Amino acid sequence: MNSGGKSIVLIGMMGVGKSSVGRCLQRRTRLALLDTDEIVASKFGMSIPEIFVKHGENKFRKAEAEALRSVGTTEQAIIVTGGGIVMSEENIDLLKRLGMVVWLDGDEKTLFERASRSGNRPLLQSKNPRKAFAQILRVRRPLYANIAHLRLDTSVFTDQEVAVAILSKLVILTSEPGSAIPAKAS
């Protein structure tokens with residue numbers, strides 16, 4: 001595991017709280033916060049749902065891979081990814097090289113409720129969003145599990161508690177001299 005001096009990479013299903021936890025981590029570490037969805041939206045000059053409608057999922061996924069490549073591997077940062085970023089083998093390799101991959105997970109019911117609140121999740125725009133969500137989760141969970149250095153359940157904790165848990169665990173995992181991520185765990 002190459003985590004010394006590297007980034008904290010958040011992966012997980014839509015609705016798990018990656019963006020919120022990323023902001024908490026950014027405040028605690030003072031590292032740059034890079035969000036692949038924000039990079040893609042900025043590139044297109046429109047929201048993710050608009051990109052899906054106008055350009056389709058394939059074009060979005062290509063732009064997402066470009067965004068991931070653009071974050072680089074030299075500077076330490078908090079990197080927030082879209083839920084489907086693990087669907088590409090190239091992305092998986094990049095994620096592993098970027099640093100400590102943290103899988104934010106949760107129980108299916110809670111994740112679906114969170115993901116469906118905003119009403120702007122392109123992959124849930126179907127006749128049966130609950131069934132679509134369950135199917136997506138079933139496909140992605142093994143992919144998240146396969147690349148994560150650390151897994152945390154966000155169902156029962158606040159974003160702040162999850163951030164503290166991540167930083168506490170990373171201090172233990174990166175206890176080699178000079179490799180600890182600057183952290184205020186409390």
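**View 1. The whole chain of the predicted model.** Of the 186 residues in the protein, 46% are buried. Among contacts with a separation of 6 or more, 74% are between residues 24 or more positions apart.

View 2. The protein has 7 helices and 5 strands. Their sequence pattern is β-α-β-α-α-β-α-β-α-α-β-α.

**View 3. The open sheet of 5 strands.** The strands pair in parallel, in the order S2-S3-S1-S4-S5. Strand S2 (32–35) and strand S5 (150–153) are at the edges; each has a single partner strand, so one side of each has no neighbour in the sheet. On average, neighbouring strands of this sheet are turned by 20° against each other, direction ignored.

**View 4. The pairing of strands S1 and S4.** Strand S1 covers residues 7–12 and strand S4 covers residues 99–105. The two run parallel and are joined by 6 bridges. Isoleucine 11 has tryptophan 103 in S4 as its bridge partner.

**View 5. Helix H2 on the sheet.** Helix H2 (residues 36–44) packs on the sheet and touches S2 and strand S3 (77–80). The direction of helix H2 makes about 65° with that of S2.

**View 6. Helix H6 across S1 and S4.**

Notes. Residues numbered from 1 in each chain as written. Predicted model: local features only at pLDDT ≥ 70, side-chain atom pairs only at ≥ 80, totals over all residues. Heavy atoms only, no water. Helix = DSSP H or I, 4+ residues; strand = E, 2+ residues; numbered from the N terminus. Buried < 20%, exposed > 50% of the residue type's maximum accessible area, 1.4 Å probe, protein only. Contact = heavy atoms within 4.5 Å. Pairing = 2+ DSSP bridges. Axes fitted to C-alpha atoms, helices over the stretch in contact; angles between N-to-C directions.
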